[in-house]
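Student: Hi! I have a new structure to look at and would like a walk through it. Could you help me find my way around?

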Amino acid sequence: MNRKIFRFSFLVLSVFVFGSLNVSIVFAARKASVTISPTTAFVEEDLTYNYVVTNTNDEETTAKIGAIEIVVPSEFGIPSVSILSVSADKAWMMDSSEDNYAIRVKADGAGNKLDIDESIEIQIIATAPALSGTYEWIASVFANLDFTSNPPFTLSSEQPTVDVAERPTVTFIIRNGDIVLHNNSVTLPPAGTISISGSDGVPRDVDAQSVLAVLKAIDEASDAFSISNLQYFDSFGSFYLKCILPEDGEDLCDNWQYAVGNVTPFSGIDAAVLSGGETVGIYFGTTHQLVLSANAITVGGSLDATAEKYDYENNIWNPLTNASVGVTLPNPDDPWSPIVVSTHSVDELGNANITITEAGTYTLGIVEDFYFPSYTVAVSPLPSGGGVLSGGGGGGNSAPAFSVANAISYLESAQGADGSFGGALLYTDWAAIAFGAGNVTGNPRDTLLDYFNSHNALSSLLTDNERRAMALLALGENPYDFNGVNYIGVITSSFDGAQFGDTSLINDDIFALIPLASAGYTASDEIIAKSIAFIISKQNIDGSWENSVDITAAALAALKSFESAAGVADAVTKGSAFLQNAQGNDGGWGNVFSTSWAMQAESALNTTWTKNNLTGDDFLAPAQATDGAVSPTDETLTNRIWATSYAIPAVLGKPWSAIMQSVSKPASGGPSNNSVSLSLSSANSQAVITSQTQTVNILVVNGTADGNVNISSLISLGTGNIPKMNITSSQNILVNIPATNITSADPNWNGILALPKTTTVTLPETAGELKTVSVAIEVGSDNKLSFNNAARILFPGEAGKKIGFSRTGTNFTEIANTCSGDTQTANDTLPTDGDCKIDAGSDLVIWTKHFTTFATYTTAPVAGNTGGGGGGGGGGVGPAPLLTSQNNAGDSADTLAENNISLVETGDTSLTESDSAVANTSVVRSKFTSTALANKSKSIAPELSKDNDTGLEIISDTLTASAVEALPQEKAGKTIPIIPVAVGVLSGAVALFFLRKFLLI
């Protein structure tokens, strides 16, 4: 009996205990949380979504997550999926599904299931639907590995959703005064990047929602206008909108502004990113202006100055309040800081009444805009004379005298060990002209020529070649054949039948005439006569060229050498009057640079201009420091070299024509027998070479497509001997081919050697590594071309990157071998079809004995799990390239790779490299300290002085109007209108004020 009772009791107890346990298993919830990011999208927007599933069981429930199924709404299309991360480095893999919209992932074995608080993050790339609405992404979570369990996990929150909205619009108003080129709303493009090419033909990525990107889209869809000149400057990593061509109109250049709403952004046009709903104004002119009641008064007189701001929506000028009008004079001791005579706050109507009590020529401008634009007011003495600015009287004996000897000594002391000045060709060329003026000989001249010999490639800028020709002539060298390069030939080959070089420029025409006058050309040469006619046609009514002292002075110096040509005498007379009227009461022309050039014109015309009994010499002398340089000792080295090089020939009274030696023009106006220089353009894209001994210098003009060299007469059965060729491509890639034997893999090769042109390359895939093409060029032929001697190819700015080659029918091969040196001798020892690479400063150089397609590229690790389990669906899928506006969801992997979209994991955000570059640019623009900006302005001012079409600004927190006018303005083919840019400090952060034209950079 007791035993039965025991058995019964045990049975009851067993039922109670195990029954209770069974009830616990059935009814304790298995919980999981699901989130998706982002939760919003615009219609048809390509986005990368991060879908996170987490095991949120409490400690009493031990079930682990073994499999997950996510059903993407079919409206999003077939997604691209990868496993981004799993907690505790557990291995998960993709699993196949018959449903294209069902994503299945599972643990790679029971030991890899997700325990409490562990999660998996899945990356899903999809295109949002074309219709707005809320779309649910359904997740099912299972304990078993086969997507079954009873019961499944329940979600601790709602199934995640994505809200899809209509894409926002922005309104663009593009106008030139009362001429409206565009006024309409456009749909904001999807987020991402697009590729935009500037006038150099090089594509660069910009934010697809930037002002520039939207403007380009409007341009492509509109016949009312076209962006005719868009330039890119590496110095700022930004584009500059130079010219817009209206339909049936002429180019409008160098004065485009933009605003978003009523705000002028502190960033470039390619860095200002829109979000939707904005009104963007792009207009030709200025943002602010002053209206003066008079431009000339007498001492003690007054005038009214009204500050106004432009309303681009209504094309009217409204009063500008909360501003001040400043009156300044040039500061002879510090051209960076003009003398502020007085400032005047404007009233509620923007008006200020200004009285000036001393005679002189003053500059007025809006203080907050750092005097741009500036306005000149002449203040005359009272009729009685009054003793105001009497002209200096008998104080002349105490005036300092300019020492040319000290100036030359300074230049010699500033010369680098390699013979250069300031480490750049720009300053070295000008120093060479100064050496020629001062008859400098010996080691300084010899090392200078050594530097020119080792830096002897043609430039893609005509004005650089013109300046080099002047420098060589000043040193007594022959620019028709200097170390195998014909600088005169590249100048004359740029003539289009009416003018030299760029049709929108005048400085390249002026500085073509200057060396040609010493290179055997006369007014009777048709090329000279037509160029003179073109230059004269660009002269303004006031006698100036481009309202510039500098360009006008250069034009007079150039034209004087051809004074017998039609129209020159009258043009010189009018230009002389302009320079005389522009001379200041201190004898100078605003700054040492302009003064030196005005004095060049004086020398060419054999005259001297005097104002207030003072001359240009009187202006330059006080600017000479004790060490001989023409600039204060705290000025940058390059600016001191530059200013001193300008001043030496000016004070010596030697025009450029007198400094340069004369050389004879070779027969028929061509090059010497030793070399020939050719310029290829879209109208003439082939160079025909028939000589095996004559060095050929080839310059490929920007925009030239499919440039090539025809050496067919030198080739027989696919082989032959070719001459030395120096090629500057439109991408500024330099190719130096020695005199060598060349052999094609095709014995029937036609002898056409393709010059470097941009192409696409598919890089081989490497597990765990993402490769991104930087520059890809095709050069030579579809078939392999082999050389006996090594050719050199320089890729500017590509130092540190990897490089390889490919051709039809072969795989891409990395060039991993490092050259023993960057010389012809060292690399002629390469084996047959061999190659190597070496960095040259910031550039990448390869030496190669074969031509093909070359590509530079970068590599980066790919984040994510590679999976396991071997065959079938057991292997994991790494992250796919990001889809941007360049790519479509249906693009193949090869297409995506060719679009060079790279994935960079940065915490919670995935950025392309171009996004990162834009971000870095923004940081640079917004986070410079004021001290850094001030130093930057002085250190880069010369480098930023480009052709007069750049419109570049000099960043400085110290500039005012006169200071800007005093900035070094490179003129021998590199003159710019320099516009003031201000920097202010607000709450400890630096803001860039009033960038004007730089706002479009």
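Tutor: Happy to; we'll go through disulfides, a helix pair, some loop residues and a few backbone details.

Student: Great. What kind of model is this, and how are things counted?

Tutor: This is a predicted model, where local features need pLDDT of at least 70 and side-chain atom pairs count only at pLDDT 80 or more, while totals for chains, interfaces and linings use all residues. Residues are numbered from 1 along each chain as its sequence is written, and side-chain values use heavy atoms, with hydrogens and water left out.

Student: Okay, disulfides. How many are there in the whole structure?

Tutor: A search of the whole structure turns up two disulfides. A disulfide here is a pair of cysteine sulfur atoms within 2.5 Å.

Student: Which cysteines pair up with sulfur atoms 2.0 Å apart?

Tutor: Cys 243 bonds with Cys 253, with 2.0 Å between the sulfur atoms. Cys 819 bonds with Cys 836, also with sulfur atoms 2.0 Å apart. With the bonded cysteines numbered in sequence order, the pairing reads 1-2, 3-4.

Student: Where does the link of Cys 243 and Cys 253 sit?

Tutor: Cys 243 is in strand 18 (residues 238-246) and Cys 253 is in strand 19, so the pair ties together parts 10 residues apart in sequence. Helices (H or I, at least four residues) and strands (E, at least two) are DSSP runs, numbered from the N terminus. The link is right-handed, with 115° about the S-S bond.

Student: And is each of those two cysteines buried or exposed, or in between?

Tutor: Cys 243 counts as buried at 1% relative accessibility, whereas Cys 253 is partly exposed at 22%. Buried means under 20% relative accessible area, exposed means over 50%, and partly exposed is in between, using a 1.4 Å probe and protein chains only.

Student: What about the link of Cys 819 and Cys 836?

Tutor: That link is right-handed, with 100° about the S-S bond. Cys 819 lies in the loop between strand 43 (813-814) and helix 16 (824-827), and Cys 836 lies in strand 44 (residues 835-840), so the pair ties together parts 17 residues apart in sequence. Cys 819 is buried at 7% relative accessible area, and Cys 836 is buried at 1%.

Student: Switching to helices: how do helix 4 and helix 5 pack?

Tutor: Two packed helices are described by the angle between their axes and the distance between the axes. For helix 4 (residues 425-437) and helix 5 (residues 443-454), the angle is about 145° and the axes are 11 Å apart. Axes are lines fitted to C-alpha atoms, for helices over the stretch in contact, and angles run from 0 to 180 degrees between N-to-C directions.

Student: Which residues meet there?

Tutor: Leu 425, Thr 428, Asp 429, Ala 432 and Phe 435 of helix 4 meet Pro 444, Arg 445, Leu 448, Tyr 451 and Phe 452 of helix 5. Contact means heavy atoms within 4.5 Å.

Student: Now a loop. Where is Gln 539?

Tutor: Gln 539 is in the loop between helix 9 (526-537) and helix 10 (549-560). Gln 539 counts as buried, at 12% relative accessibility.

Student: What does Gln 539 touch, leaving aside neighbours within four places in sequence?

Tutor: Gln 539 is in contact with Ser 544, Trp 545, Ala 571, Lys 574 and Gly 575. A polar atom of the Gln 539 side chain lies 3.0 Å from the backbone oxygen of Ala 571.

Student: Where is Glu 635, then?

Tutor: Glu 635 is in the loop between helix 13 (616-620) and helix 14 (637-652), and is buried at 10% relative accessibility. The side chains of Glu 635 and Asn 639 are joined by a polar contact of 3.3 Å. A polar contact is a pair of N or O atoms within 3.5 Å; within protein, one must be able to donate a hydrogen and the other to accept it, and residues adjacent in sequence count only if both atoms are side-chain atoms.

Student: Last topic: what is the phi of Asp 254?

Tutor: Asp 254 has a positive phi of about 70°, although it is not a glycine. Asp 254 lies in the loop between strand 19 (252-253) and strand 20 (256-260), and is buried at 14% relative accessible area.

Student: And what about Asn 322?

Tutor: Asn 322 has a positive phi near 55° and is also a residue other than glycine. Asn 322 is exposed, at 76% relative accessible area.
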